[in-house]
Every structure is written in structure tokens, then in C-alpha cells.
Amino acid sequence: MQLIINAHIITETHTIPNGWLTVGDGKILYFGDGAPPPTPSSVIINAHGKILTAGFLDIHVHGGNGHEIMDATPQAITELSQFYARHGVTGFLATTWTADDEPIYRALAQVAQTTVDGAYLWGAHVEGPYVNPNKAGAQNPHLIRRANMTEFARWQATGVVRLMTIAPEFPENLAMIDHCTAHHIVTSAGHTDATLADMRRAIEHGLSNTTHTFNAMRPLHHREAGTVGAALLFPELRCEVICDGVHVQPDVVKLLYQAKGADGVILITDAVRGAGLPYGTEYSQDGRRVTVRESAYLDDGTLAGSTLTMDVAVQNFVRFTGKSLDEVWRCTSYNAARALKIDDQTGSIAVGKRADLVLLDESLNVTMTMVGGKVVYILPS
Ligand code: FE
């Protein structure tokens with residue numbers, strides 16, 4: 001059994017300014033205020049007043065530190081899991097992007113076969129290819145296509161698909177949303193030109209999320225509120241946002257928070273291979289050059305995913321919204337867990353859930369990450 005003492009604990013229901021928490025069998029056993037009762041703990045971790053909160057859950061992340069999920073190798077996935085853990089992530093969805101049938105299948109099949117030892121791999125997020133070529137962003141527009149049940153059946157058979165980003169404005173794609181809803185795969189509107197009416201219909205078919213809200217989607221116009229208007233308006237929708245200050249301007253992040261509240265925003269990184277690599281690094285993505293600067297850019301200036309990490313996303317979000325982590329922590333873990341319907345297992349500090357925890361200093365830098373009760377990262381002192 002492990003005992004964490006002297007922590008500012010953000011639990012699912014309330015904050016304990018100075019408390020303790022015990023972990024056993026990989027799960028959260030108990031927590032409380034002040035000094036702990038006598039416990040036969042084999043390991044005691046003194047938090048020295050640091051913040052103990054639910055580990056971050058990144059449901060939209062493609063790569064980092066020179067690797068990408070689409071590399072479809074066990075090394076890429078295991079090293080990504082360790083890289084994310086160093087940034088406070090305790091769970092993630094390995095995210096594919098628009099490609100031919102086979103490379104997507106290979107990546108999903110590898111996700112199904114790989115055991116990781118850092119952040120827990122909850123499955124996969126299939127981003128594209130069933131999106132709108134007019135809102136391709138950095139997705140390859142030539143490979144974007146309408147939803148195809150035969151193709152998708154093989155991907156689905158890997159058993160790891162939990163979330164799909166899709167453009168709901170096409171009839172084939174709406175049928176795919178029905179299929180996903182029936183099979184407990186969450187659908188998210190992204191790379192889309194959906195109108196408010198398209199979005200209202202898609203929600204009736206089970207759509208529940210929006211993908212990197214504001215980026216690569218029909219903007220808000222006051223006579224046609226678009227995908228963005230729907231994201232802001234409909235409480236059924238949980239909204240991903242890339243909180244790097246580049247993809248979405250800080251005041252617009254604050255606007256999203258004010259519209260959706262602490263239950264409606266999901267922080268994601270959308271990080272790609274260049275995350276964690278030095279400024280100026282160049283690499284190839286589908287034969288197109290990407291350069292790492294403030295973010296990752298194609299040669300024509302198009303953003304090619306981000307170089308964000310979840311710790312920085314959380315620090316930015318607190319700064320942009322002017323709120324404390326006590327108020328907004330659900331955007332870092334719980335809302336994603338609820339969207340994926342894994343909140344009975346993870347996503348908050350509650351008795352009986354997995355001990356997926358992160359310890360943060362007062363500037364919200366990660367000093368320890370614990371996944372399923374195992375310490376997978378400690379800041380070197
Ligand atoms: Fe995207």
C-alpha cells in the first residue's frame with residue numbers, strides 16, 4: 001500500500017487543502033483531511049503541499065518526441081506512452097489521421113497488440129478519413145472520402161476504436177454515426193463544414209463531441225451559426241480544444257469556457273511527431289515537410305497538428321480562463337473520461353477508481369505521475 005501525505009487534493013466532489021490518500025492494488029482506497037490514520041503503508045510519499053489531481057487524459061494525440069502512432073511500431077507506441085507520462089498524462093487515445101485503408105488498419109492493429117508502461121493506452125481515436133476535404137487542415141485532402149462500412153468494419157474488428165472524428169454533413173457519414181452509436185464508439189464533429197442544422201441532426205443520431213473546436217470547422221456566422229455555433233450552443237456537446245495559444249487565441253479559449261462551463265471543455269494536445277523536439281526541427285509527414293516552430297507547420301503555413309504537451313495545455317488554460325485548477329480540473333481528465341464512458345474507472349479522484357494521479361507544483365509543473373498505482377515518472381531533483 002502507498003500513502004501520499006501533505007497534499008492539496010482535488011477530488012471528484014471537493015478540494016482538500018491539506019490531506020492524505022492511500023493506494024492499494026492500483027486503486028484509490030481512501031483519502032481524507034489532515035493527518036492520516038495509522039496505516040500499514042510500505043511507501044510514503046510526502047507531497048510537501050503540492051497539488052494532487054486526477055492524471056491528464058489526452059483523447060486526441062498523434063505523436064511526439066520523434067514518433068507517431070501512424071508509424072505503427074511497438075517502439076513508437078511505448079515511447080509515446082512514456083513521453084506523455086512525463087507530461088502528466090495517465091491515459092490517452094492513440095490517434096490516427098487520414099490515410100489509405102491499410103496504414104490506418106496497421107496502426108490500429110498495432111495499438112491492439114502493444115502493452116505500454118507509461119500513460120495507459122485506452123484505445124484509438126480515428127481522425128478522418130471520413131471528413132470534409134474543404135476543411136482538411138493538414139489532413140491529406142486527396143485521401144479524404146465518404147464513410148465506408150466495409151472499410152470501417154476491419155478497423156473496428158481490431159477492438160480498439162473508441163472515438164471517431166467525422167464530418168456529419170454527408171449522408172454516408174450520418175449512417176456511420178448511427179453505426180458507431182450502436183457500437184458504443186463516440187463520434188466527434190471535426191474537419192467539417194456542418195451547419196447548425198446539420199449538427200442538430202447529428203446530435204439526434206448520437207454525436208456527442210466536437211474535435212479541436214474552432215480549428216478546421218465551419219465558423220460562427222450570425223445568420224448561420226455553423227459548427228462552431230453548435231459547439232457553443234448545444235449542451236449535449238463536449239468540446240475539445242487545443243490550448244496552446246496558437247491554434248485558438250487565448251480570449252477565444254476563455255469564450256469557449258464561458259459558454260460551455262467546467263463540464264463542457266476537453267483539453268487535448270493534438271500533438272504530432274515534432275512535440276518535444278527542438279525549434280527548427282524538420283521532418284516529413286506524408287511526403288510533405290513539417291517544421292517545428294511555435295507549433296508544427298507545413299511549408300504553406302498550415303498548422304500540422306501541435307507541439308503541445310498536456311502540462312503546458314493545463315497551465316495555459318488556467319491562465320487564459322483566469323480560473324484555478326480547483327475550478328477547471330474536469331477539463332483535464334473527467335470530461336474526457338465521461339465522453340468515453342470510462343469515468344467509472346478513471347478521470348477523477350474517487351474511492352475505488354484507478355490510481356491515475358499527477359502531482360503538480362504551484363506553477364502546475366509535473367513532479368510525479370502515477371498510472372494504475374505505479375509511479376511511472378518522478379521529476380529528477
Ligand atoms: Fe485534426
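# A guided look at one predicted model

Visitor: Why does Ala72 count as buried?

Guide: The relative accessibility of Ala72 is 15%. Buried means under 20% relative accessible area, and therefore Ala72, at 15%, counts as buried. Please keep in mind that this is a predicted model. Ala72 is found in the loop between β8 and α1, and its phi is near 55 degrees, a positive value in a residue other than glycine.

Visitor: Why is Asn65 called partly exposed?

Guide: Its relative accessible area is 30%. The term exposed needs over 50%, and buried needs under 20%. Because 30% lies in between, Asn65 is partly exposed. Asn65 belongs to the loop between β7 (63–64) and β8 (67–68). Although Asn65 is not a glycine, it has a positive phi of about 55 degrees.

Visitor: What makes strand β10 (residues 120–127) largely enclosed by the rest of the structure?

Guide: Of its eight residues, seven are buried, so β10 is largely enclosed by the rest of the structure.

Visitor: What joins β10 to strand β11 (residues 161–166)?

Guide: Four bridges join them, and β10 and β11 run parallel. Two bridges would be enough, so these strands pair as well. Here Glu127 has Thr165 in β11 as its bridge partner. Together with helix α3 (residues 149–156), β10 and β11 form a right-handed β-α-β unit.

Visitor: How do you know that strand β1 (residues 2–10) and strand β5 (residues 51–54) pair?

Guide: They share two bridges, in the parallel sense. The requirement is at least two, so β1 and β5 pair. His8 stands opposite Ile51 in β5. On another strand, β19 (residues 357–360), β5 has four bridges, and these two run antiparallel. There Ala54 stands opposite Leu357 in β19.

Visitor: Which protein atoms are called donors of the iron ion, and what makes them so?

Guide: The donors are Glu127 (OE), His191 (NE2) and His212 (NE2), and they lie 1.9 to 2.3 Å from the iron ion. A donor is an N, O or S atom within 2.8 Å of the metal; therefore these three residues qualify. Along the chain the donors follow the spacing E-x63-H-x20-H. Glu127 in strand β10 and His212, in the loop between β13 (209–210) and α6 (226–233), are 85 residues apart, and the pair links distant parts of the chain. Both Glu127 and His212 are buried.

Visitor: What surrounds the largest pocket?

Guide: Its lining has 19 residues, and Arg162, His184, Ile185, Val186 and Leu340 lie nearest its centre. Two or more lining residues come from each of β10, β11, α4 (171–182) and β12 (186–189). The volume of this pocket is about 330 Å³. By class, the lining has eight nonpolar, eight polar and three charged residues.

Visitor: Which residues lie nearest the centre of the second largest pocket?

Guide: They are Ala138, His191, Asp270, Leu303 and Gly305, among 22 lining residues. This pocket holds about 260 Å³ of space, and its lining divides into seven nonpolar, eleven polar and four charged residues.

Visitor: How many cavities of 30 Å³ or more does the structure hold, and what makes a space a cavity?

Guide: There are two of that size. A cavity is a space where a 1.4 Å probe fits but cannot get out, whereas a pocket is open. The largest cavity contains about 50 Å³. Its lining includes Asp58, Phe83 and Met310, and β6 (56–61) and α1 (74–85) each supply at least two lining residues. The second largest cavity has a volume of about 40 Å³; among its lining residues are Ala54, Phe56 and Asp356.

Key:
Residues numbered from 1 in each chain as written. Predicted model: local features only at pLDDT ≥ 70, side-chain atom pairs only at ≥ 80, totals over all residues. Heavy atoms only, no water. Buried < 20%, exposed > 50% of the residue type's maximum accessible area, 1.4 Å probe, protein only. Right-handed = clockwise from strand over helix to strand, strands pointing away. 1 Å grid on protein atoms, 1.4 Å probe; cavity = no way out; pocket = protein on both sides within 12 Å on 5 of 7 lines; lining within 4 Å. Points joined across faces, edges and corners; volume = space filled by probe spheres on them. Nonpolar A, V, L, I, M, F, W, Y, C, P; charged D, E, K, R; others polar. Donors = N, O, S within 2.8 Å, 3.2 Å for Na, K, Ca; no water.
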